[in-house]
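Please look over the structure shown here before reading on.

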Amino acid sequence: MTEKVIEFVKNRLGNTYRFHHTMAVAEEAKYIASFMNVDVERIYVAALMHDTARGLAPEDMYSEAKKYKINISPLDEKRPILLHGLVAANWLIDRLNVFDWEIYEAICLHTTGAPNMGKMAAALFMADKLAITEGSHVDEDLLNARKILPDDIDKVFLWCFTYSFKYLMDNNQELHPVSIDAWNYYCKKENLEVLFGKK
């Protein structure tokens with residue numbers, strides 16, 4: 001399974017920044033999975049696929065989303081790039097014939113997160129925010145978050161939401177309703193404990 005996914009990723013992304021980001025996220029995902037009791041080989045596949053649809057033109061993204069009957073929110077209509085995880089997850093089934101619910105969920109949710117997400121989805125969500133790609137923006141907050149893994153993984157998980165929210169707010173962009181729901185859900189200690197266990 002992994003080999004055909006890597007071939008697909010190479011064909012989709014070429015030797016681009018997005019490809020190097022994908023490989024950085026894949027390595028970060030394996031690291032996070034190693035202490036979250038998540039299957040390392042399967043999260044690697046999810047990470048490889050996560051941004052394969054990101055380069056689609058808005059009209060093509062919209063068209064693919066319609067083809068797979070993806071629920072398109074008003075915000076997704078304004079910013080079709082937000083659909084790239086959902087489209088990529090459907091490509092995994094449609095184009096690569098891989099049926100794996102956990103991998104599918106992880107690819108779908110890697111951008112926004114969601115309430116009650118599975119461990120693999122949470123790990124990929126974090127890996128996408130924490131991975132360092134050559135040429136990407138790296139600040140002290142990111143480095144500090146990486147330093148407290150794995151001991152304070154619950155704090156890092158919440159930090160990933162605030163880091164994304166801050167970026168969007170600094171750039172006057174709307175917050176995705178699913179991300180807000182996820183933030184409100186995981187602010188409750190008992191929900192965080194279901195995901196990461198009690199300390």
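In this predicted model, the largest pocket is lined by 36 residues, and those that lie nearest its centre are Arg54, Asp128, Lys129, Ser164 and Tyr167. The space in this largest pocket comes to about 1100 Å³, while about 300 Å³ lies in the second largest pocket.

**The largest pocket**

- At least two residues of the lining of the largest pocket come from each of four helices, namely α2 (17-34), α8 (119-130), α9 (140-147) and α10 (153-170).
- The helix that gives the most to this lining is α10, which supplies eight residues.
- Sorted by class, the lining of the largest pocket holds 13 polar, 12 nonpolar and 11 charged residues.

**The second largest pocket**

- The second largest pocket has a lining of 17 residues, and nearest its centre lie Asn71, Asp76, Leu86, His176 and Val178.
- Helices α6 (84-94), α7 (101-109) and α11 (177-186) each provide at least two residues of the lining of this second largest pocket.
- In the lining of the second largest pocket, nine residues are nonpolar and seven are polar, with one charged residue.

**Packing of α2 with α3**

- Two packed helices are described by the angle between their axes and the distance between the axes.
- For α2 and helix α3 (residues 40-49), the packing angle is about 150 degrees and the axes are 8 Å apart; the two helices are therefore roughly antiparallel to each other, as angles over 145 degrees count as such.
- The crossing of α2 and α3 is right-handed, and the contact is made on the α2 side by Thr22, Met23, Val25, Ala26, Glu27, Ala29, Lys30, Ala33 and Ser34, and on the α3 side by Val40, Ile43, Tyr44, Ala47 and Leu48.
- By class, the contact of α2 with α3 consists of 10 nonpolar, two polar and two charged residues.

**Packing of α3 with α7**

- The axes of α3 and α7 cross at roughly 35 degrees and come within 9 Å, and this crossing of α3 and α7 is right-handed.
- To this contact α3 brings Arg42, Val45, Ala46 and Met49, while α7 brings Glu102, Ile103, Ala106 and Ile107.
- The residues of the contact of α3 with α7 comprise six nonpolar and two charged, with no polar residue.

**Packing of α4 with α6**

- Helix α4 (residues 58-67) packs with α6 at an angle of about 55 degrees, the axes being 10 Å apart, and α4 and α6 are therefore oblique to each other.
- The crossing of α4 and α6 is left-handed, and the residues that make the contact are Met61, Glu64, Ala65 and Lys67 of α4 together with His84, Val87, Trp91 and Asp94 of α6.
- The contact of α4 with α6 has four nonpolar residues, one polar residue and three charged residues.

**Backbone geometry in the loops**

- Most residues other than glycine have a negative phi, and most peptide bonds are trans.
- Asn37 lies in the loop between α2 and α3, and Asn37 has a positive phi of about 60 degrees although it is not a glycine.
- The peptide bond that runs from Leu149 to Pro150 is cis, with omega near 0 degrees, and Pro150 is placed in the loop between α9 and α10.

How values were computed. Residues are numbered from 1 along each chain as its sequence is written. This is a predicted model: local features need pLDDT of at least 70, side-chain atom pairs count only at pLDDT 80 or more; totals for chains, interfaces and linings use all residues. Side-chain values use heavy atoms; hydrogens and water are left out. On a 1 Å grid over the protein atoms alone, a cavity is a set of points where a 1.4 Å probe fits but cannot get out, and a pocket is an open set with protein on both sides within 12 Å along at least five of seven lines; lining residues have an atom within 4 Å of a point. Grid points are joined across faces, edges and corners, and a volume is the space filled by probe spheres set on the points. Ala, Val, Leu, Ile, Met, Phe, Trp, Tyr, Cys and Pro count as nonpolar, Asp, Glu, Lys and Arg as charged, and the others, Gly among them, as polar. Axes are lines fitted to C-alpha atoms, for helices over the stretch in contact, and angles run from 0 to 180 degrees between N-to-C directions. Angles under 35 degrees count as roughly parallel, over 145 as roughly antiparallel, 65 to 115 as roughly perpendicular and the rest as oblique. A crossing is left-handed if the near helix is turned anticlockwise from the far one by less than a right angle, and right-handed if clockwise. Contact means heavy atoms within 4.5 Å.
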